[in-house]
Amino acid sequence: MTTLQLKNIVKRFKTQTVLDNLSLDVGDSERLVLFGPSGAGKTVLLRLIAGVVDPDEGSVLIGGEDMADVDAEYRGVGMAFQNFALFPHMTAFQNIASPLEAKRSSSRAIKEGVDKVARLLKIDHVLLHHPKALSNGQKQRTALARALAGSPPLLLLDDPLRNVDAKLRFEMRLELPRLLAAQGATVVYVTQDYKEAMALGDRIAVMSQGRIRQIGTPEEIYNTPADMEIARLFGDPVVNLLDVTPLASSGGIHVELSNVKVTLPDFSEEVVGRSCVLGLRPETVAFTNAATPGAIPVTVAAETPLNEKTVALVLTARGREILLSRPAGTPGPTSGDAHIAVNGRSAFLFDKESGLLIRPRAKIMSRSGEAA
Ligand SMILES: Nc1ncnc2c1ncn2[C@@H]1O[C@H](COP(=O)(O)OP(=O)(O)OP(=O)(O)O)[C@@H](O)[C@H]1O
């Protein structure tokens with residue numbers, strides 16, 4: 001168990017700044033997910049923590065100790081990287097056993113340790129194969145098993161489920177958090193899959209262009225995304241983003257969708273007249289009947305049944321597209337005219353120009369001291 005601190009890290013490759021004054025604290029036994037698009041700098045950051053590359057500026061502290069003069073092999077870090085880096089001349093068993101061998105564990109402890117982690121990762125049937133006889137998904141799980149086997153205090157996992165097929169990936173999303181929690185290690189976990197990030201992270205750091213754009217619990221990121229792009233990255237189907245200009249009336253602040261007022265009770269006068277974007281999560285929009293106050297007339301353009309939900313695409317009279325999702329099996333119109341209800345209390349409002357979230361009043365008050 002250990003803590004990790006990154007202080008003002010800068011990393012450049014030639015003229016490109018890949019990590020741009022990045023700071024981060026990871027608590028003891030915390031699972032922190034680094035989430036972001038390709039090229040954001042996630043892998044470089046992991047390699048820098050591991051000691052495989054050096055920062056140009058800033059420091060890495062593991063367990064409170066500055067790692068500037070500590071080589072990779074003495075950092076107490078377990079790693080599973082995207083390129084697997086398995087020893088080709090060793091079987092999967094021997095690869096997974098290597099950290100235990102290095103610790104001079106007994107052969108019985110090694111066998112037990114390898115079998116346990118291999119069973120959990122469903123590679124127990126290929127332990128005698130060499131890497132060239134493993135599929136990419138099996139290679140990746142072997143690399144993950146090797147990282148876990150040595151029970152290192154700090155685990156760095158670079159997209160360990162990237163090559164795993166969809167079914168296994170789904171199972172792993174459920175099992176890995178238990179496995180990692182049981183290890184008690186501090187974990188930095190890289191993924192580009194928002195569902196994996198939400199399932200695995202105690203907190204998620206959203207990275208882009210070498211910076212952390214937002215850090216928070218999965219719920220905070222989903223319910224209070226710092227900007228439109230982050231709102232778009234988290235959620236399936238994707239958040240609806242509609243250009244609006246908030247107006248004031250006796251009932252408070254509202255926006256208009258197809259000439260129907262949608263009240264935004266949590267916002268103040270400061271948003272009136274500003275070019276904004278309204279963010280509506282598809283699961284917060286519902287079909288309703290025409291008599292409901294605030295019902296917005298729409299035409300149902302398409303409906304897609306997915307596994308656990310049904311997604312409908314509707315068009316307003318002015319041709320705005322809105323996605324709705326509802327649990328599979330719940331009835332709803334599949335075509336033709338319909339009405340929808342929008343809950344203004346669960347809507348996001350973003351500044352159109354900057355893309356930044358305009359924090360609702362209630363949240364500003366409950367988080368006094370935090371930048372609004
Ligand atoms: N050794 C290197 N030399 C030069 N540029 C590099 C080197 N390693 C990484 N980069 C550059 O740094 C940037 C960040 O790369 P990095 O691999 O960290 O991204 P990433 O967020 O992990 O992406 P992905 O999810 O696709 O793996 C990229 O533009 C990459 O080209």
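Helix H5 is followed by glycine 184, which has a positive phi near 75 degrees. Helices are DSSP runs of H or I with at least four residues, strands are runs of E with at least two, and both are numbered from the N terminus. The model is a predicted one, in which local features need pLDDT of at least 70 and side-chain atom pairs count only at pLDDT 80 or more, while totals for chains, interfaces and linings use all residues. Residue numbers start from 1 along each chain as its sequence is written.

H5 itself covers residues 166-183, and its 18 residues reach 25 Å from the first C-alpha to the last, close to the 26 Å expected at 1.5 Å a residue. The expected span is 1.5 Å times one less than the number of residues in the helix. A kink of about 35 degrees lies at arginine 173 in H5, shortly before proline 177. The bend at a residue is the angle between axes fitted to the seven residues ending there and the seven starting there.

Aspartate 159 lies in the loop between strand S7 (154-158) and H5. The phi of aspartate 159 is positive, near 50 degrees, although the residue is not a glycine. Aspartate 159 counts as buried because it has 20 C-beta neighbours inside 10 Å. A residue is buried if 20 or more other C-beta atoms lie within 10 Å of its own, exposed if 12 or fewer, and partly exposed in between, with C-beta atoms placed from the backbone. Glutamine 209, in the loop between strand S9 (203-208) and strand S10 (211-216), also has a positive phi, of about 45 degrees, without being a glycine. Glutamine 209 has 14 C-beta neighbours inside 10 Å and therefore counts as partly exposed.

S7, S9 and S10 belong to an open sheet of six strands with mixed pairing, in the order S6-S7-S8-S3-S9-S10. Strand S6 (77-80) and S10 are the edge strands, each pairing on one side only. From one strand to the next the twist averages 15 degrees. Axes are lines fitted to C-alpha atoms, for helices over the stretch in contact, and angles run from 0 to 180 degrees between N-to-C directions. Strand S3 (residues 31-35) runs parallel to S9 and is joined to it by four bridges; phenylalanine 35 has valine 206 of S9 as its bridge partner. Two strands pair if DSSP finds at least two bridges between them.

Antiparallel pairing joins strand S1 (residues 4-13) to strand S4 (residues 57-62) through five bridges, with serine 59 in S4 as the bridge partner of lysine 7. S4 is also joined to strand S5 (residues 65-66), by two bridges and in antiparallel fashion. The bridge partner of leucine 61 in S5 is aspartate 66. The hairpin of S4 and S5 has two residues between the strands, and glycine 63 takes a positive phi near 60 degrees there.

The ligand is surrounded by Phe13, Val18, Gly36, Ser38, Gly39, Ala40, Gly41, Lys42, Thr43, Val44 and Gln192. A residue is near a molecule or strand if its C-beta atom, placed from the backbone, lies within 6 Å of it. Helix H1 (residues 42-50) gives the most to this shell, with three residues. By class the shell has four nonpolar, six polar and one charged residues. Ala, Val, Leu, Ile, Met, Phe, Trp, Tyr, Cys and Pro count as nonpolar, Asp, Glu, Lys and Arg as charged, and the others, Gly among them, as polar.
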